[in-house]
Amino acid sequence: MGDAITLTPDIDGPINIQVMLGLTLPSITDNELDAIEKAAPAGSTVRVVNGVREAIAAADDVDVILGYIPEALFKAAPKLRWVHAIASGMDAMLYPAMRDSDVILTSEKGLVGGHLADTGFGLLLALTRQIKTAIVLGPEGWNHRTEMRAREIELEGLAMGIIGFGGTGRAIAKRAKAFGMTTLAVDALPVAPSDGVAEVWPLDALDRLLMQSDVVAIGAPLTNETQGLIDADAFSMMRDGTLIMNVTRGEIIDGDALVEALRSGRCGGAALDVAPQEPLPEDHPLWGFDNVVMTPHTAGASQLRGPRNIARFCENLRLAQAGQPVVGLVDKQAGF
């Protein structure tokens, strides 16, 4: 295998496609199956399986998987040529055997940013507008109006620094702009600015972003480069009271450093859909902070997610047959 990334799968004849249902694709309609069959080469078969166990049992003749690829399934599919993932984060699929193989990996990256950003801003507003406090207090909240109002802040005019300017980062920036915030961004790749971000800085400008931000939003994938990226040193660069939002991968933030930053006031609050370890133990210190609001890694859900990704898979089937580069191609060595 050469160093160049293959841009399209080799599917110039009938193929066996396995559609694997799971958390992010809980069901598939007859119309969607029909669309896959029409997009696939003539004579292809499309088989739906429910979960890993069924997928492994039927994997010996599979050429293409629409689903995800745990290592046991990879080992059970000797003819596998292409996986189109029903996931945007690739870290769990890039074990050495898959990462270093010739199997092409595409995904829904760029398609999930909207609902991740929606959850991020919902959590952020729960902090800044004291919505979490009101829900927790219930009727007792009327007796705490004065102190709640004293803690409320407006997003207008604040600076949001976005780490990772792919689909999720751009969706966050779009919403930040609508709230009247100024936006900064860094990314590991040279990507074009948009949605109020005038220039996307390289990742080595992270310190500069942290020092200028009132809210730091994580929109990056989990890679060797981003794991533990927001550590004690990173928190030390932030202004006192900086808020942090994370809707991609919990391991990007060092959990102990976050707890210490919250205790010291360096971090003024955390809006988290993902945690340093999942599920987060009941006795973890993060549960004890009034200025932390968390959802249990649910931001990835949307009524539009499955149909969008199936449409991309069908598009990729057509592109592959035409010998054209597919969409959502993953650089397995880079991790995204």
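**Entry 1: helices H5 and H8**

I began with helix H5 (residues 113-128) and helix H8 (residues 167-178), whose axes come within 8 Å and cross at roughly 50 degrees. That angle makes H5 oblique to H8, and I noted that H5 passes H8 in a right-handed crossing. I should record here that I am reading a predicted model.

I then looked up which residues form this meeting. From H5 I listed Gly-113, Gly-114, Leu-116, Ala-117, Asp-118 and Phe-121, and these meet Gly-167, Thr-168, Ala-171, Ile-172, Arg-175 and Ala-176 in H8. Sorted by class, the contact of H5 with H8 has six nonpolar, four polar and two charged residues.

**Entry 2: Thr-128 in H5**

Staying with helix H5, I turned to Thr-128, which lies in that helix. Is Thr-128 buried or exposed? I found a relative accessible area of 1%, so Thr-128 is buried, the cut-off for that being under 20%. When I left aside the neighbours within four places in sequence, I found Thr-128 in contact with Arg-151, Glu-152, Ile-153, Leu-155 and Leu-243.

**Entry 3: helix H12**

Next I checked the length of helix H12 (residues 305-321), whose 17 residues should span 24 Å at 1.5 Å a residue; the end C-alpha atoms of H12 are 25 Å apart, which agrees.

I also wrote down the buried residues of H12, which are Arg-305, Gly-306, Asn-309, Ile-310, Arg-312, Phe-313, Cys-314, Asn-316, Leu-317, Leu-319 and Ala-320. What do these buried residues of H12 pack against? I found strand S1 (16-21), helix H1 (30-39), strand S3 (64-67), strand S4 (82-85), strand S5 (104-106) and H5, the helix that also crosses H8 in my opening entry. Following the chain past H12, I came to Gly-323, whose phi is positive, near 70 degrees.

**Entry 4: Val-52 in H2**

Lastly I looked up Val-52, which is found in helix H2 (residues 51-57). Val-52 has 27% relative accessibility and therefore counts as partly exposed, since that class lies between the buried limit of 20% and the exposed limit of 50%. Not counting residues up to four places away in sequence, I found that Val-52 touches Met-20, Tyr-68 and Pro-70.

How far from Val-52 is Thr-29, which is 23 residues apart from Val-52 along the chain? I read a separation of 20 Å between the C-alpha atoms of Val-52 and Thr-29.

Key:
Residues are numbered from 1 along each chain as its sequence is written. This is a predicted model: local features need pLDDT of at least 70, side-chain atom pairs count only at pLDDT 80 or more; totals for chains, interfaces and linings use all residues. Side-chain values use heavy atoms; hydrogens and water are left out. Axes are lines fitted to C-alpha atoms, for helices over the stretch in contact, and angles run from 0 to 180 degrees between N-to-C directions. Helices (H or I, at least four residues) and strands (E, at least two) are DSSP runs, numbered from the N terminus. Angles under 35 degrees count as roughly parallel, over 145 as roughly antiparallel, 65 to 115 as roughly perpendicular and the rest as oblique. A crossing is left-handed if the near helix is turned anticlockwise from the far one by less than a right angle, and right-handed if clockwise. Contact means heavy atoms within 4.5 Å. Ala, Val, Leu, Ile, Met, Phe, Trp, Tyr, Cys and Pro count as nonpolar, Asp, Glu, Lys and Arg as charged, and the others, Gly among them, as polar. The expected span of a helix is 1.5 Å times one less than its number of residues. Buried means under 20% relative accessible area, exposed over 50%, partly exposed in between (1.4 Å probe, protein chains only).
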